[in-house]
Amino acid sequence: AGVKYADDNFQLWIEGEQARLGETDNRLLNCRNDRRRAIWERAKLDGADFRAVGNEPGWHLEILQGQRILLVADYGASRTELPLPEPSVDSEARITRWDAGELILEVIGRPCRDTMSGESFESTVVVTWGDQTLRGCGRALH
């Protein structure tokens, strides 16, 4: 069952959320998808330089290729993508702020812990979008 990829040296079997990987003539190692980690790796591969997440309502934000901001809010029901303006930096307060008009992003150099997962992040993030203020945590991906 599943899908098998192989050549003379390596083979990979994928079935659902599990995979087996290894050299063709040796025992295969079992692997399991870490969905939480995979989401961050996917964002990095898609060109995100920074990613932030928050809860209640669920949202995530990415700064993509140093050129635009993508915000997906309300558990995926709302989305906006805007050009990334030049930031203003307050070195003393450790705050970098991007004012994109309808969206203001503040990345604060203060550790943050996700309220649902308990995961630790290097930055606290505040997003003001219309009349909403979204609070969460984020980290640089490169």
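**Figure 1. Contacts between residues at least 6 apart in sequence are examined across the protein chain of this predicted model.** Of these contacts, 25% join residues at least 24 apart. The protein chain contains 1 helix and 15 strands. Its C-alpha trace spans about 55 × 30 × 25 Å along the principal axes. The radius of gyration of the protein chain is 19 Å, whereas a compact globule of 142 residues would have a value near 14 Å.

**Figure 2. The surface and the charged side chains of the protein chain are considered together.** The protein chain exposes about 9,300 Å², and carbon and sulfur atoms supply 47% of that area. Buried residues account for 35% of the 142 residues. There are 18 positive and 24 negative side chains in the protein chain. The centres of these two sets lie 5 Å apart.

**Figure 3. Cys 112 and Cys 137 form a disulfide.** A search of the whole structure finds 1 disulfide. The sulfur atoms of Cys 112 and Cys 137 are 1.9 Å apart. The pair links distant parts of the chain, since Cys 112 belongs to strand S12 (residues 112–113) and Cys 137 to strand S15 (residues 132–140), 25 residues apart. The torsion about the S-S bond is about -55°, and the disulfide is therefore left-handed. Both Cys 112 and Cys 137 are buried. Another cysteine, Cys 31, has a relative accessible area of 35% and is therefore partly exposed.

**Figure 4. A cis peptide bond runs from Glu 56 to Pro 57.** The omega angle of this bond is near 0°. Pro 57 is located in the loop between strand S5 (48–54) and strand S6 (59–64). For context, most peptide bonds are trans.

**Figure 5. Gln 65 has a positive phi although this residue is not a glycine.** The phi angle of Gln 65 is near 50°. As background, most residues other than glycine have a negative phi. Gln 65 is placed in the loop between S6 and strand S7 (68–73). With a relative accessible area of 46%, Gln 65 is partly exposed, because this class covers values between 20% and 50%.

**Figure 6. Asp 74, which is not a glycine, also has a positive phi.** The angle is about 50° in Asp 74. This residue is found in the loop between S7 and strand S8 (78–83). The relative accessibility of Asp 74 is 26%, so the residue counts as partly exposed.

**Figure 7. Val 107 is shown with the residues that it touches.** Val 107 is part of strand S11 (residues 103–108). Its relative accessible area is 11%, and the residue is therefore buried; the cut-off for this class is under 20%. When residues up to four places away in sequence are not counted, Val 107 touches Phe 50, Arg 94, Ile 95, Thr 96, Trp 98, Ser 123, Thr 124 and Val 125. The C-alpha atoms of Val 107 and Glu 122 are separated by 9.9 Å, and these two residues are 15 residues apart along the chain.

Technical notes. Residues are numbered from 1 along each chain as its sequence is written. This is a predicted model: local features need pLDDT of at least 70, side-chain atom pairs count only at pLDDT 80 or more; totals for chains, interfaces and linings use all residues. Side-chain values use heavy atoms; hydrogens and water are left out. Helices (H or I, at least four residues) and strands (E, at least two) are DSSP runs, numbered from the N terminus. The radius of gyration is taken over C-alpha atoms; the globule rule is 2.2 Å times the number of residues to the power 0.38. Buried means under 20% relative accessible area, exposed over 50%, partly exposed in between (1.4 Å probe, protein chains only). Contact means heavy atoms within 4.5 Å. Accessible areas come from the Shrake-Rupley method with a 1.4 Å probe; for residues, only the protein chains shown count as cover. Lys and Arg count as positive and Asp and Glu as negative; His and the chain ends are not counted. The place of a charge is taken as NZ of Lys, CZ of Arg, CG of Asp or CD of Glu. A disulfide is a pair of cysteine sulfur atoms within 2.5 Å.
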